[in-house]
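Hi,

Here is the structure I promised to pass on. Have a look at it first, then read my notes below.

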Amino acid sequence: MNNVTGKAVVSEDYLKSRLYLVDELRDFARKTSVVIEAPRRFGKTSVIKEFKRQEEAKSEEEREFNVLFLELEGEETLHAFCFKLFKELLSLYHVRRQFDKITDLLGNAWNAFALRIPKLKIPEFEVELREKTRDMDFTAWKEKLTPLIDGLNSFDMRTVIAFDEFPDMLLNFKNRAREQKDFTTLVDRLTAWLRALRQNQTGGSKYQFVFCGSVNMRKTLEEIGLGKRMNDIESLIIPNMKAEDAELLINSLMKEYALEIAPEGVSFMVSKITNGSPYYGQILFKALRDSRERMLSLEMLKARYDEMLRGGNHDLNHYHTRLKKYLGSVERDCSEIILKHLCFEPLHEKKLFDNHVSELCGYEVFQSVVNRLVYEGYIMRDIANNGALTFVAPLLKDWWSYKVGVR
Ligand SMILES: Nc1ncnc2c1ncn2[C@@H]1O[C@H](COP(=O)(O)OP(=O)(O)OP(=O)(O)O)[C@@H](O)[C@H]1O
Ligand SMILES: [Mg+2]
C-alpha cells in the first residue's frame, strides 16, 4: 500500500478494511441511485474510482457495470455539464460497439457525424462536438441526452453514471447567476430532469446515478426548496475510521516502506488519527517518511509529530485555506471562535453559542458555520456524547491548538 496524500486511491492503495464500502455501493447500484455522503477527504471519490476499477478488471462475462465517472468541480454552466455527459455517453456507446444505436437515437441531422465517430481521435472528436453543440440550450440538450440515457436500458450490462463534486458544481452555478431566482430555476430544471430519468425507467433498473461531493447535497437542495428531489435516493455514508482501520493503515504503510516503529509509537499514532479519515494517517506517515529515519522510538515519534504540527509544512494547511476562501468575514471569525473553544473541550452547540458566539452573530449564521465545519471535515457531532461538537480526530485538534496558541 503506497502512501498517497490527496489523490483518490484504488487497488492496492485502498485500505482493505474499507473495501466493504465498494461492495455496498455495488449493492445499491443494482437497485437505486445513491448519494455518497461524507466530509472532505473521507474517501468519497476513492469509493467510486475503486468500484470502476474493479468492474473494469473483470472479464467480459463477469462484469456487471459500465461506470461513467464525471468530475464536475470545475464545471460552471449547465451547458458544460451537458457537454461532459454527452461526451461520456457517446464514448460508452462507442466502447460497447453500439454505433447503429447512436445514429438512430441522435436523429438524421447527426448521421454524418455519428458515422465518423469511430474514426475520430479524441481531440478532434471534442473539437467537432463542441462546434456542433455550441448553441444548444437545455431543452435541446435534453432532446439529445434523454434517448441516449434511455437507450442504456438495452445494454447487456448495467450502467452507473457518477457525478463527482455535483454540489460544488451547483455552487458554481450560484456564483455565476445574476439573481438567486435564476440559480433556483437552473437547479430546478436540472434536478427535475435527472429525477424523471431515474423514475421513467421501464423494465428494471439498468442505469443509476451516483452523486458525490463534500458539500452537503441534500442541504444545498433543501435550502432552495428542492429537498424532495432527492427523496428516492439512498445514502452511502462513509464512516470515520475505527481504531482497527487506523492500525491496519499504519501497519500496511510501515510494511511497504520498511519502517520500524515501536509498538507504543504505533498506538500513539493510532490514538491521534482514530475517528478521522484515512487521510490523516497518510499525512502523519508522510511526515515520518520525510524525516528519513528507519527506526522510530515513541519519543522520536512524538518529536516528529510535534515538529510536523508546529512546522506547518504539511497537508492539513488546505483545511485552513478553504475556510479563508469560502467563508465571509463574520463567518470566518465565527469559525475561529468555535474551533478555538473546541480545542479545550467538546461543547454542545447551544452552550457554545450562548457563551462564546452570541455577540458576534445570530444563531442561524452560527449553525451554518457549524455545518460547514462538519462538511469541511474539522468537527463532528459526537453521538457517544449527546451530540457535543468535537474535533474529528485528535490530530486535527492538536494542529489547531498549536495554530491558535492554545497548546
Ligand atoms: N480507502 C482508503 N484507503 C487509503 N487511503 C484513503 C482511503 N480513502 C481516502 N484515503 C485518503 O484520503 C485522501 C482523499 O481521498 P478521496 O479523494 O477519495 O476523498 P474525497 O472524500 O473524495 O475528498 P474530497 O472531499 O477532497 O473530494 C486520499 O488521498 C488518501 O490519502
Ligand atoms: Mg473527492
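**What I found**

Let's start with a pair of helices: helix 11 passes helix 13 in a right-handed crossing. A crossing is called left-handed if the near helix is turned anticlockwise from the far one by less than a right angle, and right-handed if clockwise. Helices (H or I, at least four residues) and strands (E, at least two) are DSSP runs, numbered from the N terminus. On the helix 11 side the contact is made by A246, L249, I250 and L253, and on the helix 13 side by P278, G281 and F285. Contact here means that the C-beta atoms of two residues, placed from the backbone, lie within 7 Å. Six of these contact residues are nonpolar, one is polar and none is charged. The axes of helix 11 (residues 243–256) and helix 13 (residues 278–290) come within 10 Å and cross at roughly 35 degrees. Axes are lines fitted to C-alpha atoms, for helices over the stretch in contact, and angles run from 0 to 180 degrees between N-to-C directions.

Before going on, a word on the source: this is a predicted model, where local features need pLDDT of at least 70, side-chain atom pairs count only at pLDDT 80 or more, and totals for chains, interfaces and linings use all residues. Residues are numbered from 1 along each chain as its sequence is written, while chains are lettered from A and ligands numbered from 1 in the order in which they are written.

Another pair to look at is helix 8 (residues 166–176) and helix 9 (residues 180–199), whose axes come within 8 Å and cross at roughly 145 degrees. This crossing of helix 8 and helix 9 is right-handed too. L170, F173 and K174 of helix 8 meet F183, L186 and V187 of helix 9. That contact has five nonpolar residues, no polar ones and one charged.

Now for helix 16. Which of its residues are buried? They are C334, S335, I338, L339 and L342. A residue is buried if 20 or more other C-beta atoms lie within 10 Å of its own, exposed if 12 or fewer, and partly exposed in between, with C-beta atoms placed from the backbone. The face turned away from the buried side of helix 16 carries the exposed residues S329 and F344. The buried residues of helix 16 pack against several elements, including helix 15 (317–326), helix 17 (349–357) and strand 9 (388–391).

Strand 9 is where you will find F391. F391 counts as buried because 23 other C-beta atoms lie within 10 Å. Leaving aside neighbours within four places in sequence, F391 is in contact with L342, Y378, I379, L396 and K397. Among the buried residues of helix 19 are L396 and K397. The buried residues of helix 19 pack against elements that include helix 16 and strand 9.

A258 is not a glycine, yet its phi is positive, about 50 degrees. S11, in the segment before helix 1 (20–29), has a positive phi near 55 degrees.

Cheers

Conventions:
Nonpolar A, V, L, I, M, F, W, Y, C, P; charged D, E, K, R; others polar.
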